[in-house]
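Please read each point alongside the sequence and the coordinates.

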Amino acid sequence: MTRNDSSGFDGRIKYYFTSDLDASLAEMSRMFLARPVADLQQFNIVRRKPDRIVFKEEAHGKIYYIKLFLPGNRKKICINYFYGSPGLRNYKTLVLLNDCGVHTVKPVLAAVKAAPFWAPRSLCITEDFRGIPLAQFLCTVDSEADRRNVLDEFIQLYSIMLNNNFYQKDPALTNFLVRNNTVAMMDVDLVPRLPFRIWPVYFNNLIHLNKFLILGAMHNSTLRLDDSDRRDILYRILKNVRKDIRDLSLLLERLEQATEMRMAKEGWTGGQKR
């Protein structure tokens, strides 16, 4: 259960967490939310976009990632006004996914600074999973047993996510991490939850997944994921989420054809976009 607290800290900032609020992480949050962006260049920036900056910092001998969300463009400001701060949404999505049995990076806390709706600031802190991207794992793994175990984990994770009405809008293999043959979701900025199951949305999502699997193999010759692996992944996910259909072969072929049409429409030829 997520709760918030600001007692003993900056009253303009609300902190959301599931256990005790760590004083040093609260102070770190206050610093990132209060300082001008120009003053944050001295910290370890690992990724930057116009509406967010990801920092990597250490505390208590652990590594944490701080994802700081900035106002962004007018469209983003309007979305955040109606749907709430992205830092808190990010944190709640991670908590809900874990509650459903979907393994993710560990959410630590979210912090939201009171501000006019056109200048919001929020952040989400996660603990370092100490893994490598799934795409990198599939390029470097030597053991066939480990490769199969990780693909099984990925299929299970993706199936549980869809069965709980979540779907990953960006299902690239770089958005999943692997450590000790365990798969975890890393980036949940584009993981909405539907109020109920809407199969056309899921089918469209599986088209995206299929496209990313195809492009991943095309762009990286060392990726240990051939067509039979790809079709097996899709078939088993379909089997887990469409238990009402006995013969899934026709549905799999529909998915393959839809993916081919989507890629042609987007201009993909031989792994390159026209």
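1. The second largest pocket of this predicted model holds about 350 Å³ of space. Of its 20 lining residues, those closest to the centre are Arg47, Tyr65, Val105, Thr126 and Met186. Two or more lining residues are given by each of β3, β5, α3 and β7 (121-127). The largest share, 3 residues, comes from β7.

2. By class, the lining of the second largest pocket comprises 11 nonpolar, 3 polar and 6 charged residues. Arg47, among the residues closest to the centre of that pocket, counts as charged, because Arg is grouped with Asp, Glu and Lys in this classification.

3. The largest pocket has a volume of about 900 Å³. It is lined by 34 residues, and the closest to its centre are Arg89, Val188, Asp189, Leu190 and Val191. The elements that supply two or more residues to this lining are β3 (45-49), β5 (62-69), α2 (74-83) and α3 (86-99). Helix α3 provides the largest share, with 6 residues. The lining of the largest pocket divides into 15 nonpolar, 6 polar and 13 charged residues.

4. Turning to charged pairs, how many salt bridges does a search of the whole structure find? The search returns 20. Side chains of opposite charge can pair when their charged atoms come close.

5. One of these pairs joins the side chains of arginine 52 and aspartate 51, with an N to O distance of 3.0 Å. Is arginine 52 buried or exposed? Arginine 52 has a relative accessible area of 15%, and it is therefore buried under the 20% limit. Aspartate 51, with a relative accessible area of 9%, is buried as well.

6. Glutamate 256 takes part in a salt bridge with arginine 230, at 2.7 Å from N to O. This pair links distant parts of the chain: arginine 230 belongs to helix α7 (residues 227-241) and glutamate 256 to helix α8 (residues 249-266), 26 residues apart. Arginine 230 and glutamate 256 are both buried.

7. Glutamate 256 also forms a salt bridge with arginine 231, the closest N and O atoms lying 2.7 Å apart. Here again the pair links distant parts of the chain, with arginine 231 in helix α7 and glutamate 256 in helix α8, 25 residues apart. Arginine 231 has a relative accessibility of 29% and so counts as partly exposed, since that class lies between the limits of 20% and 50%. Glutamate 256, in contrast, has a relative accessible area of 13% and is buried.

8. Helix α6 (residues 199-219) consists of 21 residues. From its first C-alpha to its last, α6 reaches 30 Å, close to the 30 Å expected at 1.5 Å a residue.

9. Which residues of α6 are buried? They are Trp199, Tyr202, Phe203, Asn205, Leu206, Ile207, Leu209, Asn210, Lys211, Leu213, Ile214 and Leu215. The buried residues of α6 pack against α5 (144-163), α7, α8 and β11 (268-269). Among these partners, α7 and α8 are also the helices that carry arginine 230 and glutamate 256, respectively.

Key: Residues numbered from 1 in each chain as written. Predicted model: local features only at pLDDT ≥ 70, side-chain atom pairs only at ≥ 80, totals over all residues. Heavy atoms only, no water. 1 Å grid on protein atoms, 1.4 Å probe; cavity = no way out; pocket = protein on both sides within 12 Å on 5 of 7 lines; lining within 4 Å. Points joined across faces, edges and corners; volume = space filled by probe spheres on them. Helix = DSSP H or I, 4+ residues; strand = E, 2+ residues; numbered from the N terminus. Salt bridge = Lys/Arg side-chain N within 4 Å of Asp/Glu carboxyl O. Buried < 20%, exposed > 50% of the residue type's maximum accessible area, 1.4 Å probe, protein only. Expected span 1.5 Å × (residues − 1). Contact = heavy atoms within 4.5 Å.
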